There are 2 protein chains.
Amino acid sequence: MAGAGKQMRGRPLVDKVLRATIAEMARVGLEHLAIEEVAARANVNKTTIYRRWATADDLARAALTFASEADLAVPDTGSLRGDLHAFAREFGRVLAHSDVPTMMRMRWGGDGRGPLAKLMREIQRKKHSRWKVMLHRATKRGELRKNADADLIYDVVVGALLYLTVLGPTRRSLDHLNRAIDVILDGALKRTAP
Amino acid sequence: MAGAGKQMRGRPLVDKVLRATIAEMARVGLEHLAIEEVAARANVNKTTIYRRWATADDLARAALTFASEADLAVPDTGSLRGDLHAFAREFGRVLAHSDVPTMMRMRWGGDGRGPLAKLMREIQRKKHSRWKVMLHRATKRGELRKNADADLIYDVVVGALLYLTVLGPTRRSLDHLNRAIDVILDGALKRTAP
C-alpha cells in the first residue's frame, strides 16, 4: 500500500502529505483531522508523518502555511487595468480549484480564537499586502484620480472578485470579472481623454 | 424554569423559539442542533416545540426561513446613489448583529447538497431579486450609462459590501462603505455635468 510513498523523499514527500492534509481538512473539517486518514490518503506510513509533525495540529498548521504559499502571482503589466485583468484571470482560475471551502470552513466553523485562527488571519494579512502592491504601483505612476483611495479600491476589487468567483450564487465568467474590474476602474482612474 | 415560556402564545412564542434555534445553530452547527437545547435556551417546554416541529430538521428549516424574512428594507430614495447609500447603512447595521456566522457555516460546513442547502440557496436567490430592484429602478429612470449592466453593478456592490462588512480582515465604517459605493457609481452612472 505505502510502497510508492516509501520511495519518496524530501520536498516532494512533504508536498504530497500537505496536499493530502488540505484535502482531508476539506472533507472532515479541521477539528476531526486524523493523521491516520492523511497517511492513508497520501499513501504513506503514519510514522512518515509522525516523524515530521507530532500532532494533527502541527500538521494542520504546516498545511495551511503550505496552501498560503501556493499563492497567486502578482501581475506587473505596466497599468492598473492590465494588472487587475490579469489578476482576475488568476483569481478565477486558482479559486475554482483551490482550498476555498477548507479556508471558509475554518474561518466560519470555529470560534475564531486559538493559534490556528490566528495563523489564518496572519496568512490572509500577508496575502493582502502582497496583492495591494498593484494599487501602490498605480498610485506611484499617477494613474489614480486625485483623492482616490488605493486601499478602498483594493477592497472593492477583492470583494467583487470573491463574490463573483466563489461567494455569489453563480460562478461568473472571466469576461464578467473583467467587466466588473472596468466598472470599478472607470470610477477610480483618471480620465485619459475628454 | 419554563414558566415564562408557558404563558406565551402564538407568534411571539414562535419567534422566540426560532430566534433560539438560530442562536443554537450558530453555537453547535446545523448538524448538531438538538430540540432539547433550543427548548432550554428559549425557556420553553420541549413539547411546545415538538407540537409545531416534529424534527430538528423541520425546526432548522423554519428558523432559516424566519431569519431570511427579517430582511433588509429596500430603500427607495429616488436616485441610485441615495438608494445604495441607504442600503449600505442597513447592510452594515444588520450584518453586524445578524446570523452571518450561522449562514456562512451552513454554506461552507456541509457538502452543499440536501434539502436545507437547497432552501439556503432559494433564500439567497429571493433576497438578491428583492435587492436588485434598486438597480432596475435606476435603469428605468435612465440613470445608468449606456451599455451599463445592472446585474453586474449589483454584483460588484454586494461583493464589496460583503467584503467590507463581514468577509474582509477589518470591519469598515459606514463612511468607508459609502465611498466604496461612490467609486462604483462614478464608473456606472451617466456623467451629470461635462
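Chain A exposes about 9,900 Å², of which carbon and sulfur atoms supply 53%; accessible areas come from the Shrake-Rupley method with a 1.4 Å probe, and for residues only the protein chains shown count as cover. The structure is a predicted model, in which local features need pLDDT of at least 70, side-chain atom pairs count only at pLDDT 80 or more, and totals for chains, interfaces and linings use all residues. Residues are numbered from 1 along each chain as its sequence is written, chains are lettered from A and ligands numbered from 1 in the order in which they are written, and side-chain values use heavy atoms, with hydrogens and water left out.

**Confidence**

The model has an ipTM of 0.77 and a pTM of 0.79. The mean pLDDT (the predictor's confidence in each residue, from 0 to 100) of chain A is 84, and 82% of the residues score at least 70. By helix, chain A is lowest in H1 (residues 3–7), with a mean of 49, and highest in H3 (residues 35–42), with 96. The pLDDT is below 50 over residues 1–5 of chain A, a stretch that has 9 contacts in the model beyond near neighbours in sequence.

**Chain A overall**

Chain A contains 11 helices and 0 strands, where helices (H or I, at least four residues) and strands (E, at least two) are DSSP runs numbered from the N terminus. Of the 194 residues in chain A, 47% are buried; buried means under 20% relative accessible area, exposed over 50%, and partly exposed in between (1.4 Å probe, protein chains only). Contact means heavy atoms within 4.5 Å. Among contacts in chain A between residues at least 6 apart in sequence, 68% join residues at least 24 apart.

Axes are lines fitted to C-alpha atoms, for helices over the stretch in contact, and angles run from 0 to 180 degrees between N-to-C directions.

| Helix pair | Axes come within | Crossing angle |
|---|---|---|
| H10(A) (residues 150–167) and H10(B) (residues 150–167) | 7 Å | roughly 105° |
| H2(A) (residues 10–28) and H5(A) (residues 56–69) | 9 Å | roughly 100° |

Between the chains, the residues in contact include Val156(A), Gly159(A) and Tyr163(A) of H10(A) and Val156(B), Gly159(B) and Tyr163(B) of H10(B). Within chain A, H2(A) contributes residues including Leu18(A), Ile22(A) and Met25(A), and H5(A) contributes Leu59(A), Ala63(A) and Phe66(A), among others.

**Helix H3 of chain B**

In H3(B) (residues 35–42), the residues Ile35(B), Val38(B), Ala39(B) and Ala42(B) are buried. Viewed down the helix axis, the buried residues of H3(B) lie within an arc of 100°, so they line one face of the helix; the arc is that of the directions from the helix axis to the C-beta atoms. An α-helix has 3.6 residues a turn, so residues three or four places apart point the same way. The buried residues of H3(B) pack against H2 (10–28), H4 (46–52) and H5 (56–69) of chain B. Asn43(B), which follows H3(B), has a positive phi near 60°.

Val133(A) belongs to helix H9 (residues 133–141) and is partly exposed, at a relative accessible area of 33%. Ala54(A) sits in the loop between H4 (46–52) and H5 of chain A and is exposed, at a relative accessible area of 53%. Ala54(A) and Asp182(A) are 128 residues apart along the chain, and their C-alpha atoms are separated by 49 Å.
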